[in-house]
Amino acid sequence: ASQSLQVLRTYLNSPVSSLPSAIDSFVRLSYAGGRTEIFRPLYDDGSGGTPLRNYDINSLYPHVMRENSFPSKFVKWSTRLDLTKEGFHHVFVEVPDTYIPILWKKVPKFIFPIGRFWGVYSTPELREAILSGVRILKHRRSAIFGPSEPLFKNFVTDLYQKRIESDSEVDRTIIKLILNSCYGRFGLNLERETLELDYGQPGVVPTFEIKSRHGTHRFVKGSTKLRSFSNPAVASYVTAFARIEKTITTRRKHSLHRYR
């Protein structure tokens with residue numbers, strides 16, 4: 001992932017900076033993975049002759065990275081909801097009984113529910129959700145970002161072409177890894193859990209103990225923060241665009257076949 005970021009930086013006209021800690025923590029609430037639901041766990045039409053169709057979006061993450069633009073620079077906090085601006089919004093939504101809802105929730109499993117719930121979502125997700133009947137009932141605050149830029153367009157276009165043209169399986173594999181791991185490096189979590197020796201500090205509850213011939217050694221959990229680059233706004237937009245793409249594609253494919 002770090003090597004992939006170094007390659008990307010050779011394509012950028014200007015560097016992308018890390019987000020301030022408070023902004024990072026808020027934006028990270030909107031950062032989630034892809035859709036992996038099983039819509040039809042058992043396939044049996046009774047006739048034994050109808051084929052089962054399987055669809056895949058070719059290089060989904062590189063595809064959305066190439067075709068979209070991404071915000072990276074925080075501008076301001078806002079208590080007014082404005083979906084004409086790029087950013088991230090803490091909202092209370094009402095999702096109707098929709099075929100394959102687009103908004104998600106971690107409870108703690110990653111699901112796509114209907115009903116009313118709070119969440120932090122990117123502007124593209126909320127725009128698409130409104131088109132499918134979602135209502136935004138309340139709004140707390142938004143992190144507004146500057147104009148989006150096509151950060152990955154030339155990076156993906158050039159590397160994907162090299163992957164197609166290469167005769168080496170090793171080269172194709174390396175290029176694939178560089179393409180797919182780049183966005184995740186933007187979402188690197190700088191918070192790290194640590195284990196420290198308990199020296200009898202007051203108010204500290206040991207996590208576990210290790211006994212040896214020299215006595216009992218108690219350990220407590222701590223935390224530290226890495227001094228490294230991280231901008232989850234970019235990573236969150238990548239996964240949001242991927243979920244949108246997969247949702248729209250799945251709806252379209254299901255609508256073609258569910259009534260045949």
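## A tour of the cores and helix packing

Select F152, F155 and F186: of the 37 residues in the largest nonpolar core, these touch the most other members. A nonpolar core here is a set of buried Ala, Val, Leu, Ile, Met, Phe, Trp, Tyr and Cys residues joined through side-chain atoms within 4.5 Å. Buried means under 20% relative accessible area, with a 1.4 Å probe and protein chains only. Next, colour the elements that each supply at least two residues of this core: helix 1 (2–9), helix 2 (21–28), helix 3 (60–67), strand 6 (135–145), helix 5 (153–165), helix 6 (169–186) and helix 7 (232–257). Helix 7 gives the largest share, seven residues. Helices (H or I, at least four residues) and strands (E, at least two) are DSSP runs, numbered from the N terminus.

A word on the model. It is predicted, with pLDDT of at least 70 needed for local features and 80 or more for side-chain atom pairs, while totals for chains, interfaces and linings use all residues. Residues are numbered from 1 along each chain as its sequence is written, and side-chain values use heavy atoms, leaving out hydrogens and water.

**Stop 1: F155.** Leave aside neighbours within four places in sequence. F155 then contacts (heavy atoms within 4.5 Å) S4, V7, L8, Y11, M65, I178, L179 and C182.

**Stop 2: helix 1.** Select S4, L5 and L8, which are buried. They lie on the same side of helix 1, because they cover an arc of only 100° around the axis. The arc is taken from the directions from the helix axis to the C-beta atoms. Now show helix 5 and helix 6, which are included in what covers these buried residues.

**Stop 3: helix 5 and helix 6.** Their axes come within 9 Å and cross at roughly 160°. Axes are lines fitted to C-alpha atoms, for helices over the stretch in contact, and angles run from 0 to 180 degrees between N-to-C directions. The pair is therefore roughly antiparallel, a term for angles over 145 degrees. Show F155, V156, L159, Y160, K162 and R163 in helix 5; they meet R172, I175, K176, I178, L179 and C182 in helix 6.

**Stop 4: helix 3 and helix 6.** Here the axes are 9 Å apart, at an angle of about 65°. These helices are therefore roughly perpendicular, the term for 65 to 115 degrees. Pick Y61, P62 and M65 of helix 3; they make the contact with L179, N180, C182 and Y183 of helix 6.

**Stop 5: H90.** Finish in strand 2 (residues 87–95), where H90 lies. H90 counts as buried because its relative accessibility is 17%.

Terms used: Buried < 20%, exposed > 50% of the residue type's maximum accessible area, 1.4 Å probe, protein only. Parallel < 35°, antiparallel > 145°, perpendicular 65-115°, else oblique.
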